Amino acid sequence: MARRLRFNGTDSKNGGCPAIHDDLDSGEIIVQGTPLTEPEDLAQLQHFGPDDVAVVVPRELLVNHGPKEMERVPKLINLEDFGQLFRTFEHSAWHLETRRGYASDREDEGFKEFLQTGAAPLDLGSDWCMNIRRQTDAGKYVGRVRVVDHPPTEGQRFLLSYARCNAATGEDARNLWRENAERAHLPAEDFWVFDSRLVAILRFDDADVFHDVEIITEPSEVLRYCQVRDAAVHASVPYDQFAAQLHAKG
């Protein structure tokens, strides 16, 4: 079974090695770099086994992108504090959505209307929509990229229809196919990036129920999520273009 690896970062200026990855299940660190091959160099390594491989990486790679603690202790905030982030961010808020469905959507009256009519309602008078409209009217950027399976799940079709409402509040609502997300090495995480300095990871249980929010402010970790954001926006298309593609595919 293949490992679930997460790209942590690189200091390379040309997109090559070296780089660091995390194994999300074992917690092991995978360091990618130039092999050390000279016999005289290898002879100096202690505890170097016959099946071992040595790589050379710059010190800054480990300092900037290596783990800073043995065990990561998440910093959790409650839903009230999470909601406050959408009122106090200074210039940008961006969301990556990767799940195949959300329990909160299925419990919404708008979801029932979508099942009956094929179109999600425009609830522009909701607290959420009114606040986002205020933020974008003030010149702030709000955006999201939604990952979609082929064929889309029922929940994903609902959100694609609801994107009309997102766009009406001034959001930059975009989509991409899951195979393109995997090609772009996007993580299978739902998260918001606020002002390129704070990341809020949304955590769900196996029934798609949203249960808590983890906050990350460590600069190198935030940078990694900002790089994911840039890659996701680059690989995605506006929701209306995506909907047209989906309709053309039948």
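Predicted model: local features only at pLDDT ≥ 70, side-chain atom pairs only at ≥ 80, totals over all residues.
**Notebook: cysteines, rings and cores**

I searched the whole structure for disulfides and found 0. Cys 129 is in no disulfide, and the nearest cysteine sulfur, that of Cys 165, sits 3.4 Å away.

Why don't Cys 129 and Cys 165 bond? Their sulfurs are 3.4 Å apart, which is too far for a bond, because a disulfide needs the sulfur atoms within 2.5 Å. I also looked up how accessible the two are. Cys 129 has 3% relative accessibility, so I put it down as buried. Cys 165 comes out at 0%, so that one is buried as well.

**Rings**

Next I went for the aromatics. The structure holds 17 aromatic pairs. I picked out Phe 82 and Phe 86: the ring centres are 5.2 Å apart and the planes stand at 80°, so I logged the pair as edge-to-face. Where do Phe 82 and Phe 86 lie? Both are in helix H3, residues 79-88, and they are 4 residues apart, about one turn of the helix. I checked burial too: Phe 82 has a relative accessible area of 9% and is buried, and Phe 86 is buried with 5%.

Phe 82 and Phe 86 also belong to one aromatic cluster, together with Phe 89, Tyr 102, Trp 128, Trp 192, Phe 194, Phe 204 and Phe 210.

Then I looked for charges over rings. The charged end of Lys 140 sits over the ring of Phe 89, 5.0 Å from its centre. I found Arg 224 over the face of Tyr 225, with 4.4 Å to the ring centre.

**Cores**

Which residues touch the most other members of the largest nonpolar core? That core has 25 residues, and the ones I wrote down are Phe 82, Leu 85, Trp 192, Phe 194, Ala 200 and Ile 215. As for the elements giving two or more residues to this core, I listed H3, helix H5 (109-117), helix H6 (127-137), helix H7 (154-168), strand E10 (190-194), strand E11 (198-204) and strand E12 (210-216). Another core lies apart from it, with 17 residues, among them Trp 94, Val 147, Val 199 and Ala 232.

I went back to Ala 200 for its contacts, leaving aside neighbours within four places in sequence. Ala 200 is in contact with Phe 82, Asp 190, Phe 191, Trp 192, Phe 194, Val 213, Glu 214 and Ile 215.

Note on methods. Residues numbered from 1 in each chain as written. Heavy atoms only, no water. Buried < 20%, exposed > 50% of the residue type's maximum accessible area, 1.4 Å probe, protein only. Phe/Tyr/Trp six-rings, centres within 6.5 Å; stacked < 30°, edge-to-face > 60°. Lys NZ or Arg CZ within 6 Å of the ring centre and 35° of its normal. Core = buried A, V, L, I, M, F, W, Y, C linked by side-chain atoms within 4.5 Å. Contact = heavy atoms within 4.5 Å.
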